[in-house]
Amino acid sequence: MPTTSPAVVGRDVELALLQAALTELQSGGGRSVLLLGEAGIGKSRLIGCTAEQATALGLPVLRGRGSAIGAGTPFRPIVEALSSHFRIGGPPEDPELGPYRPVLARVVQEWRQTPAPDYPESLVELGEALLRLLAVLGRKAGCVLVLEDLHEADSETVAVVEYLVDNLAGLPVLLVASLRPEPGAALDLVRSIERRRMASVVTPQPLERRAVQAIAAGCLGVPADRVPPAVVERLTVASDGNPYLVEELLAEMVGSGALRPGTDGWQVAGDLSGSVPAAVVHVHHQRLAALDEPVRELLLLAATLGPRFSVATLQIITGHDDASLFAHLRAAVAGNFVLPDDAAPGEYAFRHALTAEAVLASIPAAERAAPARRAAAAIQQAEPELSADRCQLVAGLLLAAGDRTGAALLYADAGRQALADGASGSAVRLLERGQELGAAADRTDITASLACALAEAGQLDRAIGLADDLPLTGAASPAAEGRIELHTRLAWAAVIAERCPETVAQLAAARALLGDRGQPAQTAALDVIEGHLALLPSQDARAVDAERSAREAAEVAEREKRPVLACQAWQLLALLARERGFDDADGCLERMLTVAEANALPVWRLEALLRLGANAFMRTGDARRLEQARAAAQELGAITLHQRVESLLAMNAVLRGDPATAEEIIGRCLDASARMRNLDIHRYLLLTSAILAAHRGRRREMERVLLAFRQAGGEKSFLTPVMLGLCRAVCALLEEDRKTAAAELAAGAQWEAQHPNVFYLAGRYGLRPLLAVLAGTAGRAEYLVVAGAPAAELAWNRQFLLFADAVLLGREGRAEEAAQVVEQARRTGGLFPTGHHLGLRLVAEAALAEGWGDPVGWLRTAEEYFHALDVPSVASACRALLRQAGVSVAQHRSGSELIPEALRRYCLTPREYEVLALLVERPGNQDLARRLSISPRTVEKHMASLIQKTGQADRASLCRLAIEFSGAG
């Protein structure tokens, strides 16, 4: 008799929903379906049917599951799912995955490097990388990611699943996951998803009597009406509608002889109540009794390991040779207790999670401790240095054996390993478990480790609370060193979160424990944190000694061979040195780069390259160092830092008059930064997009993007002066509204006076002084004050200060010198064409009025540039000033002269003629849009207009007309 029903029964609604999800997937629509229900309710059968249908449709199916054994191993279900698909054909080699491969190496075994890259990727970065990988796998028709038993998964996997659920819309990916309604991170996620309506949450209900009858009929191989009513009644009541229990109870009825085949079908031949419903345990006890003793012992030991177990671990515990072990496993498979796990070679799984639980429950509780103790001892003897997942496995065995103290120490060890591996979520969970079980003597050390893990996980308040509750310790206590390290780590977390009071408190606690006998490296680490504190708002008084202390810290760190601390110190010195000059700042960063490269610290090397690149871009407009930083970020797989470099390159492209590059970068990174909640970079990209519109004189587009910038919290960020000076003020100048531009720049300067200044191109050191000089509100004295600031040497600012100097020289009667300064500015005008030509237009007006230089030549140059840029206000102003100078102004041709004479009778616009000319090749609208750099909707409008103007019946006729006139003109 089959042990399972050949068909899924009573789940029509659930199957229809999953079928609809597959249909939607093939149309390019991504979604998530979460199956929530008790053990045995049928979640796995529903997933199996969905996987079979997807496979039949030719869709890739990636399948993994959580496991109590591997709950301390980050991302195990995801690793298993990807391995199930890549085991034969390998992972994809698409170039677009290049930036993500180092991050994906965490879950794609084929991409793992030896040694692993020293970059602690965030869960958001991994989620985004996985999203890109799945999109590539599903590019043709979609792909299906199946993650079962999420309640057993580690918290990092749950966090990545949340990211996928929130961002699958519009991608060809179907995520199907299952879990039990057990308290934990996975259930919390499902409840959150339900509230936000981000996925379909399906809760299979217990089966009704008719469905139970259908399952029994399928297993017995008879029509439903031939199943004895007493059997149906017993199964319905005893199973409480749980399909797994229905099948188990029915198998016991047949196995015990209470239900037998007869000449007239199946007949009741004994007491059907022999299997008490509340416990299938009795069923398994009887089935175990029928097995040979070695097989029973093996199953009991395997059950102590959980629903899934590895052959290698079982061999360590039992001591069996290969032949005996696999002979016993084959007997267990034949008895319908376990199955080989096809998704993970070398592993077996009980037929159901309830099976393992029932096997253990079949022996008295007191007897269960012995196999657990035996298993723990065998593993610890075979593996003295336990990995994090083995620590958790053995801890669970010790707990089952009644050794709470031993279990607590191993849970804590597993947590510390997880923290060192960057899995702070798992570290918190494991250390909490150790803290709960530990004896008082061990609990203090575990709590200190837990506080560090909480700080790494972003739960700073709770971390500080735990640290404050720890027993007081004196400076001479053996525990003092660990406590100093804890307060130092908490202080660093607090200063990075810009929480001044908490930073000060943790620094004070650390220094109190250090006293006068602190090691130089300990003191240096605290000095670096003090220095970063000085950079925060309202902490200016601390800045006096910050640079001296930071320099001493750098020297100590290098002498004590503490390269990370040295990099932190040199980075701090570079930030402090900017106020003195960019040469000094770059010198600090070059030293930081040298230390990072000498000590193989790729993350710190990347930080140095990025900051050197940003400085070079501001000083000279040269983006080569930023390009080098981008390549390093891509090689390292540092997605967040990669987006940071990309955002700077986008701004560089805007200022250098390269809108295509800027738009390409913004289009590539804007949505990804939002998905990853990389809000600082997302806001910067939005503002860059607004500046791009502003520097082309497109106010409506600028305001639209600035609305999104405000909604993302931009007006409360340090970007405010950039938004006012580099965006709004420039747009106003391109509208010839100098009064509004001056007001925007004044507002930006006022903001900078009240907040720390971290941006130097917002107008305070360039455009604002120029407008003030032109308006007569600033003279040589005010100019010299600005020109003496370090930010005045930055290329974007320097061009405007040169123009301001020229105007002042002209007013001082030094006409020749004034003209020479303008020519000096013109020699570097190619760096920032829009800024340069705007400066020419402004300085030419003053030169024309005061009679110096070559204002006519400058105005002609500016007019031609702004006409080509389609900024009519400035182009018109230039033409008006040229007429005022008494020179002729050439008219710009509209483009209509390019239209062949035979086509002019249709009154086509130049753009409509461009569309018609391309129709010779019969391209689609998307291709036309790409080639003409317009939207597909605009193409549709041009097509409709062409059909109307030429009197053609349809697009095909229009194409024939295009071919007919292709040789005209």
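**Close-up views of a predicted model**

**View 1. Cys452 is a buried cysteine.** At 9% relative accessibility, Cys452 counts as buried (under 20% relative accessible area; over 50% is exposed, in between is partly exposed; 1.4 Å probe, protein chains only). Cys500, at 14% relative accessibility, is buried too. This is a predicted model: local features need pLDDT of at least 70, side-chain atom pairs count only at pLDDT 80 or more, and totals for chains, interfaces and linings use all residues. Residues are numbered from 1 along each chain as its sequence is written, and side-chain values use heavy atoms, leaving out hydrogens and water.

**View 2. Cys452 and Cys391 are too far apart for a bond.** A disulfide is a covalent bond between the sulfur atoms of two cysteines. Here the pair must lie within 2.5 Å. The closest cysteine sulfur to that of Cys452 is in Cys391, 18 Å away. The disulfide count is zero.

**View 3. Three strands form an open sheet.** Their order is β8-β10-β9, with antiparallel pairing. β8 (308–310) and β9 (338–340) stand at the edges with a single partner strand each, so one side of each has no neighbour in the sheet. Neighbouring strands are turned by 30° against each other on average, direction ignored. Strands (E, at least two residues) and helices (H or I, at least four) are DSSP runs, numbered from the N terminus. Pairing takes at least two DSSP bridges.

**View 4. β9 meets β10.** Three bridges join β9 to β10 (residues 347–350), and the two run antiparallel. Val338 stands opposite Phe350 in β10.

**View 5. Helix α14 packs on the sheet.** α14 (residues 322–334) touches β8, β9 and β10; contact means heavy atoms within 4.5 Å. The direction of α14 makes about 115° with that of β9. Axes are lines fitted to C-alpha atoms, for helices over the stretch in contact, and angles run from 0 to 180 degrees between N-to-C directions.
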